[in-house]
Amino acid sequence: MNAWHKVFLATLAASAAALAAIAANALDNGLARTPPMGWNSWNSFHCEVSAALVEATADAMVASGMKDAGYTYVNIDDCWLLRQRGPHGELVPDPAKFPQGIQAVADYVHGKGLKLGLYESAGTTTCADYPGSLGHERQDAEQFARWGVDYLKYDNCGDHQGRTYVQRYTAMRDALAYSGRSIVYSICEWGNEAPWRWAPAIGNLWRTTQDITPRWSTDQPDNRYPQGILDILDQQAGLSGTSHPGAWNDPDMLEVGNGYLTDDENRAHFSLWALLNAPLIAGNDLRHMPDEVRGILTNRDVIAVDQDWGGRQGYKVRDDGATEVWAKPMSDGSVAVVLLNRGRGPVEIATTAQEVGMKATDGYTVRDLWKHADAASDGRIAASVPTHAVAMFRVWPGARRAGGQ
Ligand code: GLA
């Protein structure tokens, strides 16, 4: 072997080591290849969580048709535990809320063919001041795995003890991997430090903003709620290149069916979250759901946009102030389109197949994803859109192929 060979081999070995180091630092848990779908207790119930609520919600997820439509995770948010760790430093579920503990609830949820999610925080406490997981990552992750937890939402409250975001969220990623159980890892640092830059290597999804609230926008007079649907939407523009299968931007859980939202606003919220490849985590009371709300959450044409295997997040095509056009390329060559009327009074909104990125062709098929009807088009995509509402379409070049979604 001459000197050049030696240098060549040494360089090769160094590159392999560098690649292994990068791989060790990347999330590769094979989960959430499409955005996770499920339910979470926080938006409707806050600290009022219990085994009874979680089990009744799992029942309702099945009975309502949501499970058949793709919803899988039943997630318990904050306040499920006691204020102090137990004698061995372990987290203790509140016996008044979860009399048989978490594992019994996990068994129940699994028995329905669903999966269970739990909440903790990457600090000394959770946001509601229960013990956090910072410094206890290995012990807590092993506990979650033993209980049969399938999804962890990991919040950002409490003292961070001088550690960076990356250190704190990586510690739990590694602890979950070490536990040996497949657990979807949902990072909730509220978009503070541009998580779309660092979180794809650490978690399956990451919040991009502060908390959502059930109102259209802060332009409305009631200021009880700081961030409405449109305020969150405005913070998603420009993020479309940062997500991919297994790693999703999370504009927060759904408020469909909650608070001040009208049916049109609920449809708009659901359409836009699907176009953004958002996790579809319902936040309403599934046990008492009006038919209209159930129909929105189980709209399969819209869900198919969110769950497209290509996982290309939608982007804002045009911003005319009160009206906007958003589009998302689908893996079968079609394009999903949302025409949004942010303001008051019905307004005609129009775009073209070309403007949403499609090649020129003789004709197109335009499917209305809320009316579930196909129409032929020369490329014009237009609708009269009511106050605070959207029209949503999926556009195929030529005639729509039989059996296509
Ligand atoms: C934070 C999170 C919310 C919710 C609460 C629970 O505010 O962003 O989604 O989990 O904590 O206390």
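Visitor: Hi! Which residues does Arg207 touch, not counting residues up to four places away in sequence?

Guide: Hello! This is a predicted model, and in it Arg207 touches Lys153, Ile187, Cys188, Glu189, Trp190, Gly191, Pro195, Asp250 and Asp252. Neighbours up to four places away in sequence are left out of that list.

Visitor: Is Arg207 buried or exposed?

Guide: Arg207 is buried, because its relative accessible area is 3%, and the cut-off for buried is under 20%.

Visitor: And which strand is Arg207 found in?

Guide: Arg207 belongs to strand E6, which covers residues 205-207.

Visitor: I spotted Cys188 among those contacts. How far is its sulfur from the closest cysteine sulfur?

Guide: The closest cysteine sulfur is in Cys127, and the distance is 6.9 Å. That is too far for a bond, since a disulfide needs the two sulfur atoms within 2.5 Å.

Visitor: Cys188, then: buried or exposed?

Guide: Cys188 is buried, with a relative accessible area of 2%.

Visitor: Okay, new topic. How many disulfides does a search of the whole structure find?

Guide: The search turns up 2 disulfides. Counting bonded cysteines along the chain, they follow the pattern 1-2, 3-4.

Visitor: Which cysteine is joined to Cys47?

Guide: Cys47 is joined to Cys79, with an S to S distance of 1.9 Å. Cys47 sits in the loop between helix H2 (42-45) and helix H3 (51-63), while Cys79 sits in the loop between strand E2 (73-75) and helix H5 (101-111), so the bond ties together parts that are 32 residues apart in sequence.

Visitor: Now, which cysteine does Cys127 form a disulfide with?

Guide: Cys127 pairs with Cys157, and their sulfur atoms are 2.1 Å apart. This pair links distant parts of the chain, 30 residues apart. Cys127 is in the loop between strand E3 (115-121) and helix H6 (137-147), and Cys157 is in the loop between strand E4 (151-155) and helix H7 (165-179).

Visitor: Is the link of Cys127 and Cys157 right-handed or left-handed?

Guide: The link is right-handed, with 95° about the S-S bond.

Visitor: Last one: what is the relative accessibility of Cys127 and of Cys157?

Guide: For Cys127 the value is 40%, so Cys127 counts as partly exposed. Cys157 has 16%, so Cys157 counts as buried.

Conventions: Residues numbered from 1 in each chain as written. Predicted model: local features only at pLDDT ≥ 70, side-chain atom pairs only at ≥ 80, totals over all residues. Heavy atoms only, no water. Helix = DSSP H or I, 4+ residues; strand = E, 2+ residues; numbered from the N terminus. Buried < 20%, exposed > 50% of the residue type's maximum accessible area, 1.4 Å probe, protein only. Contact = heavy atoms within 4.5 Å.
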